Amino acid sequence: MALSTRAYTQRVGPSFTEHVELLAGHGQLAVTRLAGLPPKARLAPDDATAHQVAHEHWATVEIWSWSLEHRSAAWDQREAPVPPSDHASLLAGIAAEHARLVTLLQDAGPDGPIDYFGQPGTCADLARLLAHETITLAHAATVASDQPWHDLTPQVASDGVGQALSHWSSADPQVAWRPQPVAVHATDTGDEWYLAFPVDVDEFNGEYRLVAAAPPVAVLEGPAEEVLWWLHGWPIPGVSAVGAPEELRLLRQAFLQPDEPRPRRRWRWFS
C-alpha cells in the first residue's frame, strides 16, 4: 500500500460514565477469569504468572482508590498497605477495590481534580486509564483461560489505542526526535496517531513521542482492536506495517513485538 499523507483526527471517545461502566464490567470479568486459573498459570504476552499479574493490578487499583479518597494528600507519604496474603484473598481484594473505585469516581464526577502522575488531572482522566488497564487484564486472563473474548466496539478499542499511546509517550525534553513520524491507523474508525522516534538509537529503550500529523515514513494499520493488542505486545497477523525499515524496527521494538529483543519498558504507574 502507499503510505498515507492524510491527517486523521481521533473521534470523541467513550464518556466518563461509559469508562466507569467499562471498569466495572471488565473488572468483574477479570476477577472471574483469574479465579479460574491456577496462581502459577502463565499469561501472555509477557509470560507473567496469574498471581504476579493480579498482584500488580491490585497494587495499581489500591493506590488509585487511596488517592481518590485523599485527594489533598501526597500519595507517597502514606503508610504502605499490606497486600492480601494468598491468591483468593488477592482476587477478593481486587474486586473490592474495583467496587470502591466505581463509587469514588461516581461521587467525584468527571471534573473532580486529582494528581495524575505529578500533573493536574481529572477523574475523567483516571476513569479512562483504569477502564483500559482493566480491559487489558480481562483480555489476558480470558485468553489464558481459553474462554471466548467478546470483542470491544471499534470506538472503545480506538480509545484504548489513544490511551496507551499517550500514556507511554515520552516527555523527555533532552531527546532529539526524528522529523518524519510513523502513523498508527485504525482502519475501522479512521483514527490515526503519529509517533516520532529518537534520532539516537544506540541505547534505544522503546521511547517515542506523539507528534502532530505529518507525512509518515511508515504506517501501522488494522482494525482498532487488533492494533490495540499489537501495541500491547500480542502477535497479531492482521495488523500490517509498511515503510522505512529502520522506523519499522523501532516500532516493533518499542511495542515488544517478538521479532526484536524486548527492551525493558519504563512503565508509568506513579511518578
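Ring pairs join Trp168, Tyr208, Trp230 and Phe255 into a cluster, where rings of Phe, Tyr and Trp (its six-membered ring) count as paired if their centres lie within 6.5 Å. This is a predicted model, in which local features need pLDDT of at least 70 and side-chain atom pairs count only at pLDDT 80 or more, while totals for chains, interfaces and linings use all residues. Residues are numbered from 1 along each chain as its sequence is written, and side-chain values use heavy atoms, with hydrogens and water left out.

The structure holds eight aromatic pairs. One of them is formed by Tyr116 and Phe117, which sit 4.9 Å centre to centre with 80 degrees between the planes, and is edge-to-face (planes over 60 degrees apart are edge-to-face, under 30 stacked, and the rest tilted). Tyr116 and Phe117 are both buried, that is, under 20% relative accessible area, with exposed over 50% and partly exposed in between, for a 1.4 Å probe and protein chains only.

Let me turn to the backbone here. Strand E3 (residues 113-116) runs antiparallel to strand E4 (residues 119-122), and four bridges join them; strands pair if DSSP finds at least two bridges between them, and DSSP runs count as helices (H or I) from at least four residues and as strands (E) from at least two, numbered from the N terminus. Tyr116 stands opposite Gln119 in E4, and in the two-residue turn of this hairpin Phe117 has a positive phi of about 55 degrees.

Finally, helix H4 (residues 123-144): why do its end C-alpha atoms lie 31 Å apart? At 1.5 Å a residue, its 22 residues should span 32 Å, so the two values agree, the expected span being 1.5 Å times one less than the number of residues. Of those 22 residues, 16 are buried, and just after H4, Asp146 takes a positive phi of about 60 degrees.
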